[in-house]
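Good morning, and thank you for joining this group meeting. I shall describe one protein structure, beginning with the whole chain and then turning to particular residues.

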Amino acid sequence: MLNVDSIERGIVLDHIKAGKAMVIYKYLDLENADCCVAIIKNVKSKKSGRKDIIKIDDRIDINLDVLGYIDPNITVNIIEGGKIVEKRPLELPKQLVNVIHCKNPRCITSVEQELDHVFRLVEPETRTYRCIYCEHEK
């Protein structure tokens, strides 16, 4: 059995859908983090069968909207002194800024490269977002 040490101070992203840890790693830009990051894939889980876990050995700013967009069921555990001191709930974000990009070639964001890519949640049940500029759905 694999043994990954606990962390004294940092963040543990738990209950990540199996296979999604690398997507989250990329979206959160963790490859540029100045701390130790452990990715544990395909861990046995009573609740979901298999899951991924990411341990970040420091309290860094992470974009909770990104996590909520990828999977609102992820548990964000804040660790201090080796113990969980806070669990941050996630939800599907109402608006995403520069998380997803508009693929419509006629969108103003294709011409005005410095504009933020802003999408609003229009249908929570289907997790449908729409570009605020051109109404293109993602």
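Of the 138 residues in this protein, 36% are buried, where buried means under 20% relative accessible area, exposed means over 50%, and partly exposed lies in between, with a 1.4 Å probe and protein chains only. Please note that this is a predicted model, in which local features need pLDDT of at least 70 and side-chain atom pairs count only at pLDDT 80 or more, while totals for chains, interfaces and linings use all residues. Residues are numbered from 1 along each chain as its sequence is written, and side-chain values use heavy atoms, with hydrogens and water left out.

Let me begin with the overall architecture. The protein has three helices and eight strands; these are DSSP runs numbered from the N terminus, with helices (H or I) of at least four residues and strands (E) of at least two. From the N terminus on, the order of the elements is β-α-β-β-α-β-β-β-α-β-β. Along the principal axes, the C-alpha atoms fill a box of roughly 50 × 30 × 25 Å. The accessible surface is about 8800 Å², and 47% of that surface belongs to carbon and sulfur atoms. Such areas come from the Shrake-Rupley method with a 1.4 Å probe; for residues, only the protein chains shown count as cover. A contact means heavy atoms within 4.5 Å. Among contacts between residues at least 6 apart in sequence, 56% join residues at least 24 apart.

Which residues touch the most other members of the largest nonpolar core? They are Leu13, Ile24 and Leu67, in a core of 29 residues. A nonpolar core is a set of buried Ala, Val, Leu, Ile, Met, Phe, Trp, Tyr and Cys residues joined through side-chain atoms within 4.5 Å. The elements that each supply at least two residues of this core include strand E1 (10-17), helix H1 (21-27) and helix H2 (64-70). The largest share, four residues, comes from H2. Setting aside residues up to four places away in sequence, Ile24 touches Leu13, Ile16, Ile54, Leu67, Ile70 and Ile74. There is also a second, separate core of five residues, including Ile7, Val12, Ile53 and Ile79.

Next, the aromatic rings. A pair of aromatic rings is described by the distance of the centres and the angle of the planes. Rings of Phe, Tyr and Trp (its six-membered ring) pair if their centres lie within 6.5 Å; planes under 30 degrees apart are stacked, over 60 edge-to-face, and the rest tilted. The count by this rule is one aromatic pair. Tyr69 and Tyr129 form an edge-to-face pair, 5.6 Å centre to centre with 75 degrees between the planes. Tyr69 is in helix H2 and Tyr129 in strand E8, 60 residues apart, and the pair links distant parts of the chain. Both tyrosines, Tyr69 and Tyr129, are buried.

I turn to charged side chains. Side chains of opposite charge can pair when their charged atoms come close. A salt bridge here is a side-chain nitrogen of Lys or Arg within 4 Å of a carboxyl oxygen of Asp or Glu, and the whole structure holds seven. In one of them, Asp14 and Lys51 meet at 2.9 Å, N to O. This pair joins strand E1, which holds Asp14, to strand E3, which holds Lys51, 37 residues apart. Are these two residues buried or exposed? Asp14 is buried because its relative accessible area is 13%, and Lys51 is buried because its value is 12%.

In another bridge, the closest N and O atoms of Arg59 and Glu80 are 2.7 Å apart. Arg59 lies in the loop between E3 and H2 and Glu80 in strand E4, so the pair ties together parts that are 21 residues apart in sequence. Glu135 and Arg130 also form a salt bridge, at 3.8 Å, N to O. Salt bridges with shared partners join Arg9, Asp58, Arg59 and Glu80 into one network.

Finally, the backbone. Most residues other than glycine have a negative phi, and most peptide bonds are trans. Asp29, although not a glycine, has a positive phi of about 60 degrees, and this residue sits in the loop between H1 and strand E2 (37-45). Asn98 likewise has a positive phi of about 60 degrees, in the loop between strand E6 (95-97) and H3. Thank you for your attention.
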